[in-house]
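This report describes the sheets and the ligand site of the structure shown below. Please read it alongside the sequence and the coordinates.

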Amino acid sequence: MAWQTIEKPRHGWAVVPNLRDYAHTCATFSWEAARQSLTGLPGGQGLNIAYEAVDRHAAGPRRDHLALRWLGKRGEVRDLTYGMLAALTNRFANVLQRLGVGKGDRVFLLSGRIPELYISALGALKNRSVFCPLFSAFGPEPIRQRLKIGDGRVLVTTPALYKRKVADLRPLLPALEHVLLVGPPEETTAIPDTHDFHRLMAEASDAFTIGPTDPEDFALLHFTSGTTGTPKGAMHVHQAVLAHYVTGFFALDFHPHDVFWCTADPGWVTGTSYGIIAPLTHGITSIVDEADFDAERWYGLLQEQHVTVWYTAPTAVRMLMKVGTEVVRKYDLRHLRFIASVGEPLNPEAVVWGQEAFGLPIHDNWWQTETGGIMIANYAAMDIRPGSMGRPLPGITAGIVRRGKDGTVEEIEEPGVEGELALRPGWPSMFRGYLHDEERYRKCFAGGWYLTGDLARRDADGYFWFVGRADDVIKSSGHLIGPFEVESALMEHPAVAEVGVIGKPDPVAGEIVKAFVTLKPRYEPSDALRRELLGFARTRLGAVVAPKEIDFVVTVPKTRSGKIMRRLLKARELGLPEGDTSTLESDA
Ligand code: AMP
């Protein structure tokens, strides 16, 4: 379908967009020059994310400016100014020091969106430890794997999450020395081998000096999933903060008086890069909502908090669309100036709906865990082509490439031709490796490109259009899920002989996880067994990762070398042509 470009007014903006002349800015931009927007540690001691995000504002005129406004599930509000955030994050850095936790040690967080998460993340960075968020809806298995691969030394969590998901894992995680529990003392003190977070904070000093931090020091560990194998821990360094700042400026159009709301959970990379770091580097106010999606709550929040810049995701937009435009009309959203979305393809209908519902189009942008920050975007001052991810950020070179059979990579210059989306390495927030997995990291690069694993095309004007994934990973409600993780968990059930897992298209979630299972002799397919398997997977993996549907099949198609042909399972599920099946095992 051909969508009309959404043209924006050329004058009369309430604020002047930061990126006005795309071609000129791209031609003159340099990361070295952009570095001048940051402060650097006093005395030339390097670059630290937490200093740029918190301390430099706390030491200046923004000291009393609201940094974070936390809205609790039950209507509570907690405001933290930059000055308060500096003191609290200092305390947490001192807590880590007292526990003997130092530079490079991994500090994991497993909690909902509570203030302590934000304080711990920034305090860990001050201590030059590595912050690693875990999604609170993960089940014990994804948690165990990530803590293990990441050599987690500290875990901050809540008593409830600890008891349900972590306590039984302790013997399997010898590196995990310290568990800090955020909760009422009567609950935390009753749990052995843990510390009370608030007691340690109360005992710590609120003065802390960040030690010398090399811009290349390891700062953030974000797990992501591939088609096969265990989750991959993408390593990011303190220098990433430069990309967080610059992308906040160009792609999210941050201005000093903005009130920003990123709806993503810090358990995923968007919720850290943009839910914590980027807005703070600009000294603006960021809203944190503890509650889950609810259309009326969201519109009420946008209205009451005078949100000006809103960063959300296609699944959320589709859920709002389902509720209808009449609901949004009840709210006064005059403060809202810019809406952006990330994580999955944003349907052209959703972009147009934004225009109808808010009088503002939704600006799609693209990036991934490995890139650490936004790479391709639709900008405030640029016309939008609904369905396109936009154009590369200044400082970013993106291309469409074709991989040859001999491992070579060739750029496709011709517009409109589909290929793999690739980026020229070297931007500050690029991942520096997969922890303990050098080979998988090396495989991401060829011919001077970082290969993203996404298929896309570029039109004649340089706009990029998402086509699909080059591999079998699943995107469900914006969450990247590795089919292998799901298959492995189901294989642990005594009835299961083989499993193949795919993403099945879904009008709201984008995709849902669907498993095809063959049973061992003596087991018969039944609804009761299906329910048991669904429950089994949910208990192990958690609700986000577990399959929503299971079908029993006689065989799971495999190649002669034994690899599950998920592509074929998907084609069969969707009634599509089966494509090349020459490598298929004959009995499938
Ligand atoms: P993650 O690493 O979990 O952030 O997932 C990154 C992947 O999400 C990308 O490689 C894409 O497959 C997908 N993705 C992110 N943003 C977009 C977008 N704007 N349009 C289409 N797919 C997207």
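Two strands are taken to pair if DSSP finds at least two bridges between them. Strands (E, at least two residues) and helices (H or I, at least four residues) are DSSP runs, numbered from the N terminus. The model is predicted, so that local features need pLDDT of at least 70 and side-chain atom pairs count only at pLDDT 80 or more, whereas totals for chains, interfaces and linings use all residues. Residues are numbered from 1 along each chain as its sequence is written, and side-chain values use heavy atoms, with hydrogens and water left out.

An open sheet of mixed pairing is formed by nine strands in the order 2-1-11-10-12-13-14-15-16. Its edges are strand 2 (77-81) and strand 16 (391-392), each of which pairs on one side only. Within this sheet, strand 1 (residues 66-71) and strand 11 (residues 285-289) are parallel and share four bridges. Leu 68 stands opposite Ser 286 of strand 11. Helix 11 (residues 269-281) lies across strand 1, strand 10 (259-262), strand 11 and strand 12 (309-312), and runs at about 170° to strand 10. Such angles run from 0 to 180 degrees between N-to-C directions, with axes fitted to C-alpha atoms, for helices over the stretch in contact; contact means heavy atoms within 4.5 Å.

Strand 26 (residues 510-519) pairs with strand 27 in the parallel sense over four bridges, and Ala 515 has Ile 550 in strand 27 as its bridge partner.

**The ligand site**

Of the 16 residues around the ligand, Asp 364, Asn 365, Gln 368, Thr 369 and Arg 469 come nearest; a residue is near if one of its heavy atoms lies within 4 Å. By class, this shell has seven nonpolar, four polar and five charged residues. Here Ala, Val, Leu, Ile, Met, Phe, Trp, Tyr, Cys and Pro count as nonpolar, Asp, Glu, Lys and Arg as charged, and the others, Gly among them, as polar. Polar contacts (pairs of N or O atoms within 3.5 Å) include the following.

| Residue and atom | Ligand atom | Distance |
|---|---|---|
| Glu 344, backbone N or O | nitrogen | 3.3 Å |
| Asp 364, side-chain N or O | nitrogen | 2.8 Å |
| Lys 475, polar side-chain atom | oxygen | 2.9 Å |

The protein covers 95% of the 490 Å² of accessible area that the ligand has on its own, by the Shrake-Rupley method with a 1.4 Å probe. Strand 14 (362-366) and strand 22 (464-469) are the elements that give two or more residues to the shell, and strand 14 gives the most, with three residues.

Note on methods
A polar contact is a pair of N or O atoms within 3.5 Å; within protein, one must be able to donate a hydrogen and the other to accept it, and residues adjacent in sequence count only if both atoms are side-chain atoms.
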